[in-house]
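Subject: Structure handover and notes

Hello,

Here is the structure we talked about. Please open it next to this message; my notes follow below.

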Amino acid sequence: MESEILKIKSLAVQVQAGNTRAFNQLYTVLWESLYVHARALVMDEDKAKDILQEIWVDYWQRRNKIDPANIRAYLFRAVKYKTYNYLRDHKFNHVQLEAIHTLADVVPEQDTEDHAYLFASLIEPSLERLPSRCQSIFKLSRIEGYSNDEIARLLNISKRTVENQISLAMKRLRTDLQGREWALILFYFYML
């Protein structure tokens, strides 16, 4: 698992330098997990493929500005943003759209990393009160974008333990964000 992480980082550094072969290899390594994630969110195979195509094109065009050290997390966040935009434009009801507009007034349009920083600052106090193992599992899952199976293998624990720890963290965060509606909306947006 650790060798795969190093391989991904190495490929991302090469992509940043303009290496198209490394870009194709990185695409091959990450495409399926990104696709499964996008498809689960939009529940449409073709739209999931369209979203991924946009993300990979954008990544290539902006490769000089993207930190290669966290490329996996960056691409998973990009999937969340693109699927969020799609769902906002096609499936949200009136109440959800109103909440999004309220959130837009509070959180101006910025780039993905700024949103991630804001989100982290909102949930960090709650995360710090969690047991360290629970924190680690939550961050690997929701911030780094690893699957439950990958986390279980990486930490040498059962998948059920991973699921329980994520559930515990989510419950704590929901409770702590209650009463702060815009933060709660942002929380759900990131936790898709």
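The model is predicted. I started with the aromatic rings. With ring centres required to lie within 6.5 Å, the count comes to 7 aromatic pairs.

Take Phe-23 and Trp-56. Their ring centres are 5.5 Å apart, and the planes meet at 85 degrees. An angle over 60 degrees counts as edge-to-face, so this pair is edge-to-face. The two residues are 33 apart in the chain, and the pair links distant parts of it. Phe-23 belongs to helix 2 (residues 20–42), and Trp-56 to helix 3 (residues 45–61). Are these two residues buried or exposed? Phe-23 is buried, at 14% relative accessible area. Trp-56 is buried too, at 3%.

Trp-31 and Tyr-35 form another pair, and this one is stacked. The centres are 4.8 Å apart, with 5 degrees between the planes. Both residues sit in helix 2, 4 residues apart, so about one helical turn separates them. Trp-31 has a relative accessibility of 22%, so it counts as partly exposed. Tyr-35 has 8% and is buried. The cut-off for buried is under 20%.

Ring pairs also join up into a cluster. Its members are Phe-23, Tyr-27, Trp-31, Tyr-35, Trp-56, Tyr-59 and Trp-60. Trp-60 has a charged neighbour as well: the charged end of Arg-63 sits over its ring, 3.9 Å from the ring centre.

Next, the nonpolar cores. The largest has 28 residues. Which of them touch the most other members? They are Leu-26, Leu-34, Trp-56, Tyr-59, Ile-71 and Leu-75. Helix 1 (2–16), helix 2, helix 3 and helix 4 (71–90) each give two or more residues to this core. Helix 2 gives the most, with 9.

Leaving aside residues up to four places away in sequence, Leu-26 touches Ile-8, Leu-11, Ala-12, Val-15, Trp-56, Tyr-59 and Ile-71. Another core, of 15 residues, lies apart from the largest one. Among its members are Cys-134, Tyr-146, Ile-151 and Leu-173.

Now more on helix 2. At Leu-30 the helix bends by about 45 degrees. Its buried residues are Ala-22, Phe-23, Leu-26, Leu-30, Leu-34, Tyr-35, Ala-38, Leu-41 and Val-42. The residue at the bend, Leu-30, is therefore on the buried list, which uses the cut-off of under 20% relative accessible area. What caps the N-terminal end of helix 2? Asn-19 does: one of its side-chain oxygens lies 2.9 Å from the backbone nitrogen of Arg-21. After the helix comes Met-43, which has a positive phi, near 55 degrees.

One polar residue also deserves a look. Gln-135 lies in helix 7 (residues 132–143). At 16% relative accessibility, Gln-135 counts as buried. A polar atom of its side chain lies 3.5 Å from the backbone oxygen of Glu-128. Leaving aside residues up to four places away in sequence, Gln-135 touches Leu-127, Glu-128 and Leu-130.

Best wishes

Notes:
Residues numbered from 1 in each chain as written. Predicted model: local features only at pLDDT ≥ 70, side-chain atom pairs only at ≥ 80, totals over all residues. Heavy atoms only, no water. Phe/Tyr/Trp six-rings, centres within 6.5 Å; stacked < 30°, edge-to-face > 60°. Buried < 20%, exposed > 50% of the residue type's maximum accessible area, 1.4 Å probe, protein only. Lys NZ or Arg CZ within 6 Å of the ring centre and 35° of its normal. Core = buried A, V, L, I, M, F, W, Y, C linked by side-chain atoms within 4.5 Å. Contact = heavy atoms within 4.5 Å. Polar contact = N/O pair within 3.5 Å; in protein donor to acceptor, adjacent residues only side chain to side chain. Bend = angle between axes of the 7 residues up to and from the residue.
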